[in-house]
Amino acid sequence: MVSMTVDIRVVRAGQMYRYYLRETVVGDGRRPARTPLREAQEQAGVPAGRWMGRGLAVLGLTPGQEVTEQQLRNLFGERGRHPYADRIEADRLAKGDSPKKAFKAGALGRQVMVTGVDFVFRPQPTIYLLWALGDEETRRVIEAAHERAIERVLEWIEDEVAVIRYGKDGIYRVRPPGGLVAARFRHYEARSGMPLLHDHLLLSVKGQRLDGKWGSIHILALHENTVAASALYNELVAAEVCEALGLATEPRIVTPGRRPVMEIAGVPHELIRFTSRRSDQIAACLAELEHEYVTAVDDDGELKFLPVVSERARAKLNGMAARKTRPPKQKTRPLAQLRAWWKASALLTSGVAVDVINSLLEYARAAAAAAAIRARVAAVVDVALAAVDVTATVFVMNDGGRFHRRHLLAEARRHSPSSCAAAAATPAWTTESWPPPSPRTAWTSASRRPHSVCCRTTVSTPHGGPWPTSPPGPAHQLPRPTRTGNPRPIPASRLRPGPRARMRGSGRYPDSRCSTSGPSSRARWCGRSCAPPPPLPLCGAGRTTSSPTSRRRCPSSCSRPRSPADRKRST
């Protein structure tokens, strides 16, 4: 599994935008008054912001172009205007247009108060520790992987998530065909001064429809897919860093009772605790707030709340603790000074050996867990078993079935690296069992692996050569595996037949609820449910139920003898 590393926050025109213009765009420091943006960024030691997204061409911008203060003010501060709105308005006025028409020409559709969203991307703690304590080459590799992962996530948002609502009550939805526009700003440290590589991606809500009109992106869709975006980002960053630096990932239990997270193997956990001082402060404050919560009484001396803190109450108390212990922002410093201070602080207070900190990358490469994982794991996943694991996990964690496609997508992205790491103990196949038991399933997962597994796609064979990285030829193809036997009965409480299934007569039974693997066939009621033995007889077609009250259909070719009551009921 992976930890949550992408946050989202709404950007509104007004005070919220001015906060970003004063602090966020200059590395979370306090921007001096009447100081140009680029000069303030140079004083803070952070790079200039860069434009991203496929929608830049329509606005006359290019990817990687430097973000100016006037462009930010027009797009995010003036309720969604063109980045070059001042130039457009001046040209229209010079041509003789009225001020009203000139102002309208520089607007991107209707004016809105919510002008964008702020996505914050940060890698896993072990990755930014390697970035902070490693050499210059390691730093450049991690930053490049970080930037490319953000680009891929933005492309996924443009293709799969972002929708423009229009029409009465927003009944029509369309993808922005031209893409979106975003500005990215790099930060190096957290509020506590500890290392924290992260980027703020200010994504504009403005998008162009097929008819050329401008609309606004549905913000709720972005919020709902934040977890899936975080899983994709973690997957991409870890895969590229492991491939470029020769590392591997391993699951670690950070919080008892919680799911494990995927981290770089060989990086000591004491270093993560060294950088997580703020989490300790939040935990201590949360314990105090929970005690106040369960002991709070009203005017009559009775308890206000239940003596047990619920999950929802704990989440709200955690937010209160985070705000209560939030330290003020410190003055920003150049990256070179920060890296030197981080290493000296780690040597003095982390409790980790000096040689481990000075050569952290070499220790990560030489770690026994990393060597074992990279040498023994084949990038092959049984798609059928993985699908069952993902679906079962999502089903249990979402109140017994209330889930959407985004939940399955996020869990599948979490499942990929953890399943490959677990495969170190039980490889998918060995040289003695070649060809694989199910090449169609295995090669389907391997061929779709370009960024989903944090380990090599090939391993050495006893003969000295690598495993092939493409599907075997026709000579190695095996027939598709077929199901044998009868599946487990479905509980009656889970069977909710639709209106047509409650009526007697002919109908079509869907494949997804049929226990056999053949195509759908015409079926009708036989008057009594089929069930596996014992004690009820088994249907000749292999369809099973859990009880006579589940009322499932039986095919017309059912071999079970029918009673006189069945015949009377069917007529």
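Let me begin with a definition: the expected span of a helix is 1.5 Å times one less than its number of residues. Helices (H or I, at least four residues) and strands (E, at least two) are DSSP runs, numbered from the N terminus. The model is predicted, so local features need pLDDT of at least 70 and side-chain atom pairs count only at pLDDT 80 or more, while totals for chains, interfaces and linings use all residues. Residues are numbered from 1 along each chain as its sequence is written, and side-chain values use heavy atoms, with hydrogens and water left out.

First, the overall picture. The protein chain has 20 helices and 14 strands. Of its 571 residues, 44% are buried; here buried means under 20% relative accessible area, exposed over 50%, and partly exposed in between, with a 1.4 Å probe and protein chains only. A contact means heavy atoms within 4.5 Å. Among contacts with a separation of 6 or more, 67% join residues 24 or more positions apart.

I turn to helix 12, residues 311-324. Its 14 residues reach 20 Å from the first C-alpha to the last, close to the 20 Å expected at 1.5 Å a residue. Which residues of helix 12 are buried? They are A313, L317 and A321. These residues cover an arc of only 75 degrees around the axis, which puts them on the same side of helix 12; the arc is that of the directions from the helix axis to the C-beta atoms. The buried residues of helix 12 pack against helix 11 (277-295). The face turned away from them carries the exposed residues E311, R312, A315, K316 and R323.

Helix 13, residues 335-349, may be read in the same manner. Its 15 residues should span 21 Å at 1.5 Å a residue, and the end C-alpha atoms are 21 Å apart, which agrees. Buried here are L335, L338, R339, W342, S345 and A346. Seen down the axis, the buried residues of helix 13 fall within an arc of 135 degrees, so they line one face of the helix. On the other side, A336 and L348 are exposed. Just after helix 13, G351 takes a positive phi of about 85 degrees.

Helix 13 also meets helix 6 (residues 125-133): their axes come within 9 Å and cross at roughly 105 degrees. Axes are lines fitted to C-alpha atoms, for helices over the stretch in contact, and angles run from 0 to 180 degrees between N-to-C directions. The two helices are therefore roughly perpendicular, a term for angles of 65 to 115 degrees. In this contact, W131, A132 and L133 of helix 6 meet L335, R339, W342 and K343 of helix 13.

Next, F119, which is placed in strand 3 (residues 114-121). At 2% relative accessibility, F119 counts as buried. Its C-alpha atom is separated by 5.6 Å from that of D7, 112 residues apart along the chain.

Finally, two backbone angles. Most residues other than glycine have a negative phi. R79, in the loop between helix 3 (69-77) and helix 4 (85-94), has a positive phi of about 65 degrees. R79 is partly exposed, with a relative accessible area of 31%. D169 has a positive phi near 60 degrees, and is exposed at 65%.

Key. Angles under 35 degrees count as roughly parallel, over 145 as roughly antiparallel, 65 to 115 as roughly perpendicular and the rest as oblique.
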